[in-house]
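Welcome, and thanks for taking a look at this one with us. Here is a short briefing on charged pairs and a surface patch.

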Amino acid sequence: MSHGRTLHRVPRHPHAWLGWLLASQALVAALWWWAGWRVGLPAMLLSHAPFVLAALLPRASLYAPVLSRLPTGERVAWLTIDDGPSDDTLAMLDLLDRHRARATFFLVGERAAARPQLVREILGRGHGIGNHSHTHPQAWFWALGPRRMAREIGEAQATLAALAGAPPRWFRSVVGMTNPFVAAPLRRHGLARVAWSARGFDAVRGDPDAVAARIGRDLAPGAIVLLHEGAPHGRSVEIVARVLERLQAAGYRTVLPEDPAAAHQLPSPQPLATP
């Protein structure tokens, strides 16, 4: 297993993107001056594309470092479950227990505050928690300004720290989108951003077999698997069960990233058990 770099990368220079933006626009201005608007205008539009795409693509790292897979050649996977706590949480915990699997639950702050016992149950059963914003503004997270973004991340962090006894170390952007104002609060709270490498669109697709098959196609050593709880279709628990079966059939084990202060290693994985 590779130990060449830390997994937990907190943004060090939250406003570095601004230098790239100013430099690109200076070049566009020079090109416009030299060649006229017929060249300058398309160049201006193209120069903005990387900054827009960086906000929309979950694995883009222009605005903040991102972990999208674990650096290992072993057949291990990091299960991540978003959007809780929910009515599904206890059933998912029982399911994970039966498979001897571990996961990180990326929790919404206000939902955690409403169900504090579920947060304690997640931790008590040996799983991890992460910050997934305070109110989960799904439609507008990509467009939040600096104050609202700082509030979304900071309030969730304070809520989860109070419930867990220690602050989370991992953050997942809502819908995976990360705008220029995410990095500063991540740095302030010591959070590292996590994306994924395997997903089945289970938040909107309620077919467990189809979701598991899609995730199976993306499986590779060190995969970070994106799953959800409390989806409107009501089949989130069935989907997680099918994904665990697929992982077991493919010879994968689950891991949680260890505190990187301890030699930047991953913990010894636990085998998935047949329920």
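The notes below go through the salt bridges and then the nonpolar surface. Please keep in mind that this is a predicted model. The structure holds 10 salt bridges, and Asp94, Asp97, Glu121 and Arg125 are linked in a network of them. On the nonpolar side, there is a surface patch of about 610 Å².

**The salt-bridge network**

- Side chains of opposite charge can pair when their charged atoms come close.
- Arg125 pairs with Asp94 in a salt bridge, with 2.7 Å between the closest N and O atoms.
- This pair links distant parts of the chain, since Arg125 sits in the loop between helix H5 (116-124) and E3, while Asp94 belongs to helix H3 (residues 89-99), 31 residues apart.
- Arg125 also meets the side chain of Glu121 in a salt bridge, at 2.9 Å from N to O.
- Asp97 is another member of the network, alongside Asp94, Glu121 and Arg125.
- How exposed are the members? Arg125 is partly exposed, with a relative accessible area of 24%; Asp94 counts as partly exposed at 34%; and Glu121 is partly exposed at 30%.

**A pair within helix H9**

- Glu245 and Arg242 form a salt bridge, and their closest N and O atoms are 3.5 Å apart.
- Both residues lie in helix H9 (residues 236-249), and because they are 3 residues apart there, about one helical turn separates them.
- Glu245 counts as partly exposed, at 41% relative accessibility.
- Arg242 counts as partly exposed too, at 27% relative accessibility.

**The nonpolar surface patch**

- Which residues make the nonpolar surface patch of about 610 Å²? The contributors are Val52, Leu53, Leu56, Leu57, Trp140 and Trp142.
- Trp142, one of these residues, is found in the loop between strand E3 (128-131) and helix H6 (146-164).
- Trp142 has a relative accessible area of 40%, so this residue is partly exposed.

Methods:
Residues numbered from 1 in each chain as written. Predicted model: local features only at pLDDT ≥ 70, side-chain atom pairs only at ≥ 80, totals over all residues. Heavy atoms only, no water. Patch = residues over 30% accessible without salt bridge, like charges linked within 9 Å, V, L, I, M, F, W, Y side chains within 5 Å. Areas by Shrake-Rupley, 256 points an atom, 1.4 Å probe, with all protein chains shown as cover. Salt bridge = Lys/Arg side-chain N within 4 Å of Asp/Glu carboxyl O. Helix = DSSP H or I, 4+ residues; strand = E, 2+ residues; numbered from the N terminus. Buried < 20%, exposed > 50% of the residue type's maximum accessible area, 1.4 Å probe, protein only.
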